[in-house]
Amino acid sequence: MVEPATATQAAAPAVPQLKDELDIVIPTIRNLDFLEMWRPFFKPYHLIIVQDGDPSKTIKVPDGFDYELYNRNDINRILGPKASCISFKDSACRCFGYLVSKKKYIFTIDDDCFVAKDPSGKAINALEQHIKNLLSPSTPFFFNTLYDPFREGADFVRGYPFSLREGVPTAVSHGLWLNIPDYDAPTQLVKPLERNTRFVDAVLTIPKGTLFPMCGMNLAFDRELIGPAMYFGLMGDGQPIGRYDDMWAGWCTKVICDHLGLGVKTGLPYIFHSKASNPFVNLRKEYKGIFWQEEIIPFFQQAVLPKDCTTVQKCYIELAKQVKDKLSKVDPYFDKLAEAMVTWIEAWDELNPTGASVPNGKTA
Amino acid sequence: MSLAIKDDEIDVVIGALRSDLTSFMNEWRPMFSRFHLIIVKDPDLKEELKIPEGFNLDVYKKPDIDQVVGSSTAIIFSGYSCRYFGYLVSRKKYIISMDDDCLPARDNKGFLVDAVAQHITNLATPATPFFFNTLYDPFSEGVDFVRGYPFSLRSGVKCAFSCGLWLNLADHDAPTQALKPGQRNSRYVDAVITVPVRALVPVSGINIAFDREVVGPALLPALRLAGEGKFRWETMEDIWSGMCVKVVCDHLGLGVKTGLPYVWRNDRGDAIASLKKEWEGVKLMEEVVPFFQSVRLPREATTAEDCVFEVANAVKEQLGSRDPMFARAATAMLDWVKLWKSVGSSSSSPRV
């Protein structure tokens with residue numbers, strides 16, 4: 001039986017790393033009560049709250065947090081016609097937070113994710129682990145059997161070429177979940193009681209050329225290195241699909257990271273996922289996606305980006321072109337999505353004017 | 001979902017580089033006693049082997065090796081390579097093999113790990129090389145495929161190779177261990193992971209299991225370092241062999257798993273002494289890795305033997321001129337395929 005840590009168990013770190021360089025982006029439609037539990041870990045950081053749903057509703061942010069909050073009216077006001085690329089009535093709207101952030105790093109978390117405990121009973125500071133992951137290199141070109149060689153107590157194994165031991169910059173840190181696992185609707189329906197109780201004490205780099213399902217519940221990334229690729233697509237209200245926002249962003253991100261020589265890590269940290277969403281509701285949202293992903297995956301697996309795509313934006317625009325060319329025949333939705341991808345990049349460049357033409361996503 | 005692997009389909013193969021196997025065998029007795037064992041004595045070992053009673057086993061020594069293999073081959077079955085002779089003469093479908101300085105490890109709860117049972121589980125359940133599952137092996141208990149994992153890929157492919165890990169003395173190379181002489185691996189990572197297709201991995205030979213019928217020929221004693229010795233720091237033969245196995249598995253659509261089980265590896269030897277003696281191996285990987293990353297096998301290669309043959313020729317062509325070690329490795333690989341066809345595939349064990 002896994003249990004979350006209680007608010008009192010969480011101990012604030014002595015020095016909150018990157019406190020002026022990282023924004024925490026939280027999409028919410030209900031309330032932010034969960035922040036109380038995270039207070040010791042999150043308080044030093046700036047929060048960007050993206051309020052989904054009815055903008056006339058007031059979402060109370062617990063006292064003492066430094067934050068900015070955007071509702072739908074704000075999104076429409078700031079982006080004008082480009083606001084069409086930001087989803088409504090879906091947590092995909094969180095990517096608006098990435099757009100308006102001025103920081104180098106983003107950590108995003110869902111409002112039903114609590115602090116988990118490690119096997120010794122200690123409260124896990126997920127943010128601290130994400131920062132460790134992002135600040136140490138990745139090793140996508142050769143698999144290290146002892147997992148992340150940059151972790152304390154680990155190293156490269158025999159046979160690992162020395163020329164590959166410097167690694168590459170880490171663009172994404174993908175965390176996991178104890179308790180309610182991130183299953184799709186069919187699996188949830190078949191196994192409603194299954195809980196993830198296995199704490200796997202590893203961080204690993206996902207090899208170059210390998211795709212993975214990126215979950216947005218507990219995710220951190222280097223906005224300067226890969227930000228423009230983190231578009232969470234068209235989901236929710238008026239769209240034929242839901243619960244594929246993070247997946248879409250993950251496939252685009254991985255293809256671009258592979259192309260630009262950036263790393264993606266997965267594994268620690270764990271959070272405690274407390275709420276199981278309704279599987280019947282989920283099935284309706286995912287239904288088309290389950291069929292479409294059979295075509296989408298080969299598309300991404302075969303996607304090749306030309307050498308002259310040296311920035312994330314250029315890569316992303318090229319991907320959008322390929323989506324239009326190759327996936328429109330699956331459903332007209334992909335036409336719309338491809339256009340929204342371009343709109344997103346336009347919005348990104350408008351709101352983030354510097355660094356737009358810097359190669360390899362590096363800072364100017 | 002899992003295959004039913006029977007006890008009599010398994011051989012446990014141990015290469016004996018030390019003569020006194022008493023404590024090794026006794027510690028592994030609860031896990032080994034059900035199975036048939038093949039013990040191959042390092043031909044360079046002078047002393048008589050000491051093996052405790054109560055096991056169902058066959059022991060092969062230098063005269064046996066000479067008789068079966070003859071002097072017609074470039075392959076040298078000494079040191080860590082002696083166990084390949086065991087793979088050759090085994091008539092079972094599955095092989096589990098570990099170094100003779102490894103003992104059962106304890107998991108995070110303090111229970112002794114049955115490494116044999118875990119390897120069998122790994123081989124009996126499918127691998128998933130085409131798409132990464134973020135909750136690791138979806139066929140483990142209490143776990144499944146995550147949202148976003150395409151359904152058409154959920155049956156997985158046959159797992160042909162299982163590579164386990166090591167607590168205490170991890171398998172680092174000599175420079176790494178020399179730099180951190182006190183470092184010991186105490187982290188028990190409770191996961192089995194399929195190594196994705198096209199991702200290369202340094203497959204250590206210390207604690208492995210494989211489907212002999214399907215990939216046997218790809219486990220080969222080919223790359224012998226000039227200063228190869230009796231410590232793992234002084235070898236690269238298993239790393240070379242492991243890269244062949246991965247390339248072959250990727251080509252044939254088979255899976256390679258890594259992670260559990262752990263074994264406890266005893267402290268042995270001195271990394272600095274090994275480094276002084278043999279450091280060429282570390283440099284070699286700079287050429288070996290790009291080679292294996294670029295090797296492409298033709299569609300017509302549909303068996304492990306075919307694949308090994310192709311890789312051997314590629315080694316000869318592309319690496320042979322760079323270092324005589326590679327030229328010898330290529331010859332050894334071709335010899336191995338011949339040996340496998342004549343000795344390895346016959347229906348009965350060579351009676352020695």
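Which residues lie nearest the centre of the largest pocket? In this predicted model, where local features need pLDDT of at least 70, side-chain atom pairs count only at pLDDT 80 or more and totals for chains, interfaces and linings use all residues, they are A:Thr197, A:Arg198, A:Phe199, B:Lys109 and B:Asp190. Residues are numbered from 1 along each chain as its sequence is written, chains are lettered from A and ligands numbered from 1 in the order in which they are written, and side-chain values use heavy atoms, with hydrogens and water left out.

The lining of the largest pocket comprises 32 residues, and the pocket volume is about 1000 Å³. Here a pocket is an open set of points, on a 1 Å grid over the protein atoms alone, with protein on both sides within 12 Å along at least five of seven lines, whereas a cavity is a set of points where a 1.4 Å probe fits but cannot get out; lining residues have an atom within 4 Å of a point. Grid points are joined across faces, edges and corners, and a volume is the space filled by probe spheres set on the points. In chain B, α4 (115-124) and β9 (255-265) each supply at least two residues of this lining, and α4(B) gives the most, with three. Helices (H or I, at least four residues) and strands (E, at least two) are DSSP runs, numbered from the N terminus. The pocket lining divides into eleven nonpolar, ten polar and eleven charged residues, with Ala, Val, Leu, Ile, Met, Phe, Trp, Tyr, Cys and Pro counted as nonpolar, Asp, Glu, Lys and Arg as charged, and the others, Gly among them, as polar.

The largest cavity has a volume of about 110 Å³, and 16 residues line it, with A:Leu146, A:Tyr147, A:Ala154, B:Asn185 and B:Arg187 the closest to its centre. Seven nonpolar, four polar and five charged residues make up this lining. A:Tyr147 also has a positive phi of about 65 degrees, although it is not a glycine; A:Tyr147 sits in the loop between α4 (126-135) and β6 (170-179) of chain A.

A cis peptide bond, with omega about 10 degrees, joins A:Leu268 and A:Pro269, and A:Pro269 lies in strand β9 (residues 263-273) of chain A. In chain B, the peptide bond from B:Leu260 to B:Pro261 is cis, with omega near 10 degrees, and B:Pro261 belongs to strand β9 of that chain.

Helix packing comes next. The axes of α7 (residues 237-252) and α9 (residues 280-294) of chain B come within 11 Å and cross at roughly 10 degrees. That makes the two helices, α7(B) and α9(B), roughly parallel (angles under 35 degrees). In their contact (heavy atoms within 4.5 Å), B:Ile239, B:Trp240, B:Met243, B:Cys244 and B:Val247 of α7(B) meet B:Met285, B:Val288, B:Val289 and B:Phe292 of α9(B). By class, this contact has nine nonpolar, no polar and no charged residues.

Methods:
Axes fitted to C-alpha atoms, helices over the stretch in contact; angles between N-to-C directions. Parallel < 35°, antiparallel > 145°, perpendicular 65-115°, else oblique.
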